[in-house]
Amino acid sequence: MANLEINTSQNVNLDYKIVSVGERILAFMIDIFLFFVYFYIIELITDAMHMAFSDQWTVFGLQQLLFLPVMFYSLYMHILFDGRTVGKMAMKTKVVKVDGSPAHWSDYLILWMLRLVDLWIFLGSIGLLSIIFSDKRQRVGDHAAGTVVISTKNKVNISHTILEEIEDNYHPKFLNVTDLTDKDVRLIKETYIIALKSNDFNTLKLLRNKVESVLGTSSDLYDKQYIDTVLKDYNHFTQNM
């Protein structure tokens, strides 16, 4: 599965997972199942309208109005639910910009318009091939809108606590670590632990550089020492508030 760097609210880069082709297909199939349920309901309503109206054009017009929610489904769902449809919610995935920032309504509009190319022409083969041969698993609409679909699952089997063991007489080095939020520190710690476990020193270096740019520090500590110090400093201040 591909990796994508995403910015937190404090612009700390962290690795998220771009979803696989299979996950995208499953999310789509869940949405399609909802469509079939809705179409069945429309059929029942249409039968009732045939009994209520003698004018077939009136019935036809009302029926077409009932189809509008399906036609615009992905557009309004993505806008209303932060890049997610019901299928994406079930699969714990969402649409974001390639740089990790939230997608704009205009991006969702591009995705919706190009669904015709990706999903409905040639039975979805164009979109499927585009996803398979794209580094970031992007369909044609994603390329045009500059978006990707990421997983919001946390598949890392580590503790989510931000707590660190610090001595009573601990003296913090970086006084502005409280500019970070608990969420940022948790994500920093998770990435830090993952990098250490996999000996991924490049990720550790990138994480250190980003944290330094956020905090405005310039330390001569090694990468591991620096991140470890930031975590302990944050705990020192938050535990003594």
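Please keep in mind that the model is predicted.

**Helix α1**
- The 32 residues of α1 should span 46 Å at 1.5 Å a residue, and the end C-alpha atoms are 46 Å apart, so the two values agree.
- Buried residues of α1 include Val21, Glu23, Arg24, Ala27 and Asp31.
- Further along α1, Ile32, Phe35, Ile42, Thr46 and Met49 are also buried.

**The second largest pocket**
- This pocket has a volume of about 470 Å³.
- Its lining is made up of 27 residues, and Arg24, Ile25, Phe28, Leu119 and Ile131 lie nearest the centre.
- By type, the lining residues are 13 nonpolar, eight charged and six polar.
- α1 gives the largest share of the lining, six residues.

- In soluble globular proteins, nonpolar side chains tend to be buried together.
- The largest nonpolar core here has 16 residues, and those with the most contacts inside it are Leu180, Ile188, Val211, Leu215, Tyr226, Ile227 and Val230.
- α9 (182-197), α10 (201-215) and α11 (223-239) each supply at least two residues of this core, with the largest share, five residues, coming from α11.
- Leaving aside residues up to four places away in sequence, Leu215 touches Asn176, Val177, Leu180, Tyr226 and Val230.
- A second, separate core has eight residues, among them Val19, Leu111, Ala145 and Val149.

Technical notes
Residues numbered from 1 in each chain as written. Predicted model: local features only at pLDDT ≥ 70, side-chain atom pairs only at ≥ 80, totals over all residues. Heavy atoms only, no water. 1 Å grid on protein atoms, 1.4 Å probe; cavity = no way out; pocket = protein on both sides within 12 Å on 5 of 7 lines; lining within 4 Å. Points joined across faces, edges and corners; volume = space filled by probe spheres on them. Helix = DSSP H or I, 4+ residues; strand = E, 2+ residues; numbered from the N terminus. Nonpolar A, V, L, I, M, F, W, Y, C, P; charged D, E, K, R; others polar. Expected span 1.5 Å × (residues − 1). Buried < 20%, exposed > 50% of the residue type's maximum accessible area, 1.4 Å probe, protein only. Core = buried A, V, L, I, M, F, W, Y, C linked by side-chain atoms within 4.5 Å. Contact = heavy atoms within 4.5 Å.
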